[in-house]
Amino acid sequence: MVEGISKEILDMLSYRSAPGQSLKQISLREPPLDLVLDDIAKYHSSYIDVLVQENLIGSRFKSEDSILRKYEKTLLTGGGFKQCFNDVLGFWLRFEEYPDKFPDYFRVVDLRQGKRIDDGYRAIHLYYQRDNLAYPIEVQLWCGKDYLFNLWSHQHIYKYLTPEIGQKLYQEYTDGLIQTEQDFLNRLRNLKVE
């Protein structure tokens, strides 16, 4: 079972969107983007008090730059509003092993075998959405050996280099060839040159 984030805390962190309609019904092609960015800024300022009060660490609020990059990418791939804004607020939780049971209020996305386009990232993502008017909250579980690799990958390659580099580094990491962050950085430097 996942410990650390209860439904009550998720409800306190949940934020209803300003457009006042189901996120599934908002068109990504004609969104009120300025309204959405303003809405997300208000969301950001309102959630900080709850995080401090509940002592939740390992959280991040997606930056406006990241939101705009994901917006452009989602437009190109034909995705929808909810897909684009599914992780405005996110948490990372670390466990020694991946849990095998999850509360039924989460939608579970199992990435322990990688993403469709494999970049080495391994995790389980849990999504909570209070209702269709609220932005989803993403909880990422980084467990066991995947924790360090995900940490290094997010700091040094995620979103900035090709997925093939991440996949190659992950294979070398699981084979024991990369054991420290310095090993990771040295190998990354070599792969960039190849």
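**Helices and a pocket in a predicted model**

Colleague: Which residues of H5 are buried?

Modeller: In this model, which is a predicted one, the buried residues of H5 are Asp146, Tyr147, Phe149, Asn150, Trp152 and Ser153.

Colleague: And what do those buried residues pack against?

Modeller: The buried residues of H5 pack against the strands E2 and E5 and also against the helices H6 and H7.

Colleague: Let's turn to H7, then; which of its residues are buried?

Modeller: In H7 the buried residues are Phe184, Arg187, Leu188 and Leu191. They cover an arc of only 105° around the axis, and therefore they lie on the same side of H7. What covers these buried residues of H7 includes helix H5 (146-156) and helix H6 (163-174).

Colleague: New topic: what volume does the largest pocket have?

Modeller: The largest pocket has a volume of about 1,800 Å³. It is lined by 50 residues, of which Lys70, Lys73, Asp87, Lys115 and Tyr158 are the closest to its centre.

Colleague: Which element gives the largest share of that lining?

Modeller: The largest share comes from H3, with six residues, while the elements that give two or more residues to the lining also include helix H4 (81-84), strand E3 (107-110), H5 and H6.

Colleague: How many of the lining residues are nonpolar, polar and charged?

Modeller: The lining of the largest pocket has 20 nonpolar residues, along with 15 polar and 15 charged ones.

Key: Residues are numbered from 1 along each chain as its sequence is written. This is a predicted model: local features need pLDDT of at least 70, side-chain atom pairs count only at pLDDT 80 or more; totals for chains, interfaces and linings use all residues. Side-chain values use heavy atoms; hydrogens and water are left out. Buried means under 20% relative accessible area, exposed over 50%, partly exposed in between (1.4 Å probe, protein chains only). Helices (H or I, at least four residues) and strands (E, at least two) are DSSP runs, numbered from the N terminus. The arc is that of the directions from the helix axis to the C-beta atoms. Contact means heavy atoms within 4.5 Å. On a 1 Å grid over the protein atoms alone, a cavity is a set of points where a 1.4 Å probe fits but cannot get out, and a pocket is an open set with protein on both sides within 12 Å along at least five of seven lines; lining residues have an atom within 4 Å of a point. Grid points are joined across faces, edges and corners, and a volume is the space filled by probe spheres set on the points. Ala, Val, Leu, Ile, Met, Phe, Trp, Tyr, Cys and Pro count as nonpolar, Asp, Glu, Lys and Arg as charged, and the others, Gly among them, as polar.
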